2 protein chains.
Amino acid sequence: MEMTNQQVRLAARPNGLPKESDWELTSEPVPDPGDGQVTVEILMLSLDPAMRGWMTDAPSYMPPVAIGDVMRAVAVGQVVASRQPDYSEGDHVVGAFGAQEYAVADGPGLTKVDPSLAPLPTFLGALGMTGLTAYFGLLEIGQAKEGDTVVVSGAAGAVGSVAGQIAKIKGCRAIAIAGGAEKCRFAVEELGFDAAIDYKADAVPRALRREAPDGIDVYFDNVGGDILDAALANLAMRARVVLCGAISQYNEDRTRGPSNYMMLLVRRARMEGFLVFDFASKYQDAIAELAGWLSAGKLTAREDVVDGGISAFPTTFLRLFRGENVGKLVLKVSDAA
Amino acid sequence: MEMTNQQVRLAARPNGLPKESDWELTSEPVPDPGDGQVTVEILMLSLDPAMRGWMTDAPSYMPPVAIGDVMRAVAVGQVVASRQPDYSEGDHVVGAFGAQEYAVADGPGLTKVDPSLAPLPTFLGALGMTGLTAYFGLLEIGQAKEGDTVVVSGAAGAVGSVAGQIAKIKGCRAIAIAGGAEKCRFAVEELGFDAAIDYKADAVPRALRREAPDGIDVYFDNVGGDILDAALANLAMRARVVLCGAISQYNEDRTRGPSNYMMLLVRRARMEGFLVFDFASKYQDAIAELAGWLSAGKLTAREDVVDGGISAFPTTFLRLFRGENVGKLVLKVSDAA
């Protein structure tokens with residue numbers, strides 16, 4: 001019996017929150033590897049807010065997913081067939097394999113991971129792009145240093161939860177902004193933030209003045225919108241605003257710009273964007289440091305794994321925009337061979 | 001006969017464009033200097049967009065002018081009485097003397113200028129805060145370097161006209177954005193910009209793509225609003241956006257933030273604010289360099305001097321927001337002794 005590969009393809013460019021009709025579930029035979037390639041069975045799929053941007057054809061840092069193509073997605077999987085000398089059947093690998101059950105990839109698209117070091121979802125989270133994004137955003141762009149007051153929005157999410165913990169490791173005061181009492185409890189009690197602001201219950205501008213009375217030195221933004229404006233209003237002199245994401249705006253027709261941007265002048269501050277890919281030459285050292293913190297118990301990796309199979313991709317993806325995930329959202333595609 | 005000092009005082013915080021009733025013209029005797037002070041007769045008054053911000057009680061980099069106080073203003077004048085050993089009658093001095101005919105000031109509030117070096121209005125423009133703002137904004141914040149494409153908004157205004165010329169001196173390609181054919185002609189023919197975009201006649205986003213096909217390395221912003229958004233949409237990788245002003249927004253109820261701010265992430269760019277005061281320790285070297293360029297004919301100082309006396313302050317000030325001035329707007333208060 002020929003094995004089939006179920007795939008999630010982009011059927012239409014969404015307006016607002018992606019609907020079921022924006023996706024198409026297709027099925028084709030599992031592809032054989034060509035020369036120099038491997039076939040990977042996908043085990044765990046990474047679900048990221050940035051994927052919403054890849055569905056839109058506005059100018060961005062990479063071309064949008066074409067209509068009819070398999071949705072772009074990072075995943076961890078296991079090699080099931082190899083014609084690549086560096087990879088053997090059974091190896092665990094991470095790559096941009098797409099929202100499907102099997103993928104063919106070549107050497108440069110693969111990164112080997114050691115499943116004895118951490119559970120597989122962690123290689124998509126704290127030890128993956130997510131952890132690296134938090135690491136370089138906070139330390140290279142944010143230039144966070146001991147004694148700084150660091151505010152992180154989306155603090156219970158994948159990147160935010162790691163950024164806040166790195167801030168603590170580096171001797172900063174870390175303040176979380178998250179939605180709901182449970183996420184705030186999680187941020188303080190499990191991640192070690194010094195304080196948490198529930199944007200659904202608190203007036204964020206006032207809460208920030210209370211929790212950061214001397215102003216914010218580093219604001220790590222995952223959300224945009226009103227919360228970005230509240231942070232801008234409370235910057236310390238020479239503050240750094242790290243633009244990592246703007247999840248509150250991704251499903252809006254038109255992004256709302258920060259009204260308080262001229263506070264960058266008042267406080268001689270900067271706002272800077274980055275992409276984790278720019279730091280590829282430093283990945284190895286950063287991963288080693290993150291793994292060290294993890295094994296020393298200084299860093300908690302938290303993943304929110306949905307056991308739904310590939311067909312659950314469309315509904316699981318929406319959890320990101322409803323604020324339903326705590327930690328890194330991962331879709332379990334297969335239990336592996 | 002006792003000499004009188006006419007003064008322009010802030011009567012009310014304006015909504016939108018300042019009205020006549022937002023000002024009060026008062027008169028009092030010319031003050032005598034106290035010990036360590038001088039009395040200055042004001043000759044030329046600097047009119048700056050930033051003054052609109054000083055009239056508002058929103059959080060800013062200095063306290064607002066109090067209702068009933070003489071309007072804060074920088075001016076050049078001549079010492080008419082001195083009880084300060086470093087200053088003699090007849091000395092020309094620059095300081096924050098206020099919108100009035102005479103002021104008392106002490107040593108730290110005074111900077112001596114040599115009127116044989118340049119016409120007096122130039123000490124408020126290219127050889128004053130305006131020139132320094134352009135210099136540090138472009139070179140320190142913008143990090144403009146040879147070969148960069150530099151775009152300057154408000155390019156026919158006080159700061160913009162100097163910023164563009166410094167960009168040319170440093171070997172950049174300089175593109176002006178200004179309102180109207182005459183300002184664009186001035187920018188190219190008299191200031192030496194490589195190209196000019198008339199935002200009243202051209203579609204700025206398209207014109208920027210045409211004039212800066214490889215993207216903008218440094219965007220020096222004096223205006224905010226739609227033009228800032230257009231520049232953000234056309235940044236080069238690792239671009240620097242220098243926040244100097246936002247004149248299009250100063251009379252609005254609520255500042256409109258830049259919708260395209262996430263292009264800072266797409267292009268790994270930064271947007272940074274500054275105040276010229278932060279570079280006080282480097283003023284002397286910068287003024288020497290600016291004066292050298294001026295005397296070598298590399299830098300054109302252009303002032304728009306209105307000969308109206310202090311009572312013309314309220315109406316002259318509005319010229320800034322109507323885009324009526326070319327170069328540095330200066331109000332002539334007196335012809336001097």
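**Questions about a predicted two-chain model**

Colleague: Is B:Gln249 buried or exposed?

Modeller: Around B:Gln249 there are 20 other C-beta atoms within 10 Å, and a residue is called buried if 20 or more lie within that distance of its own, exposed if 12 or fewer, and partly exposed in between, with C-beta atoms placed from the backbone. Residues are numbered from 1 along each chain as its sequence is written, while chains are lettered from A and ligands numbered from 1 in the order in which they are written. Please keep in mind that this is a predicted model, in which local features need pLDDT of at least 70 and side-chain atom pairs count only at pLDDT 80 or more, although totals for chains, interfaces and linings use all residues. By the count of C-beta atoms, then, B:Gln249 is buried.

Colleague: Which residues does B:Gln249 touch, not counting residues up to four places away in sequence?

Modeller: B:Gln249 sits in the loop between strand 12 (235-243) and helix 7 of chain B, where helices (H or I, at least four residues) and strands (E, at least two) are DSSP runs numbered from the N terminus. Two residues are in contact if their C-beta atoms lie within 7 Å. With residues up to four places away in sequence left aside, the ones that B:Gln249 touches are B:Gly224, B:Gly225, B:Thr255 and B:Arg256.

Colleague: How far apart in space are B:Gln249 and B:Leu265?

Modeller: Along the sequence, B:Gln249 and B:Leu265 are 16 residues apart. In space, from C-alpha to C-alpha, they are separated by 24 Å.

Colleague: How wide an arc around the axis do the buried residues of helix 5 of chain B cover?

Modeller: In helix 5 (residues 204-211) of chain B, the buried residues are B:Val204, B:Ala207, B:Leu208 and B:Glu211. These lie on the same side of helix 5 of chain B, because the arc that they cover around the axis is only 100°. The arc is that of the directions from the helix axis to the C-beta atoms, and here its value is 100°.

Colleague: Which strand of chain B gives the most to the side of chain B that touches chain A?

Modeller: Chain B and chain A each bring 25 residues to the contact. On the side of chain B that touches chain A, helix 7 (263-266) and strand 13 (270-273) of chain B each supply at least two residues. The greatest contribution there, four residues, is that of strand 13 of chain B.

Colleague: What is the bridge partner of A:Met271 in strand 13 of chain B?

Modeller: Two strands pair if DSSP finds at least two bridges between them, and strand 13 of chain A pairs with strand 13 of chain B in the antiparallel sense over three bridges. Within strand 13 of chain B, the partner of A:Met271 is B:Met271.

Colleague: Which helix of chain A gives the largest share of the side of domain 1 that touches domain 2?

Modeller: An automatic or database domain assignment supplies the bounds, and for chain A it gives domain 1 (4-125 + 302-332) and domain 2 (129-277). In chain A, 18 residues of domain 1 are in contact with 15 residues of domain 2. On the domain 1 side, helix 1 (50-54) and strand 15 (328-332) of chain A each supply at least two residues. The largest share, three residues, comes from helix 1 of chain A.

Colleague: How many bridges join strand 3 of chain A to strand 4 of chain A?

Modeller: Strand 3 (residues 37-46) of chain A is mostly covered, with ten of its ten residues buried. Strand 3 of chain A pairs in the antiparallel sense with strand 6 (residues 102-106) of chain A over five bridges, and three bridges join strand 3 of chain A to strand 15 of chain A, again antiparallel. Towards strand 4 of chain A, A:Thr39 stands opposite A:Ala81. The number of bridges that join strand 3 of chain A to strand 4 of chain A is seven.
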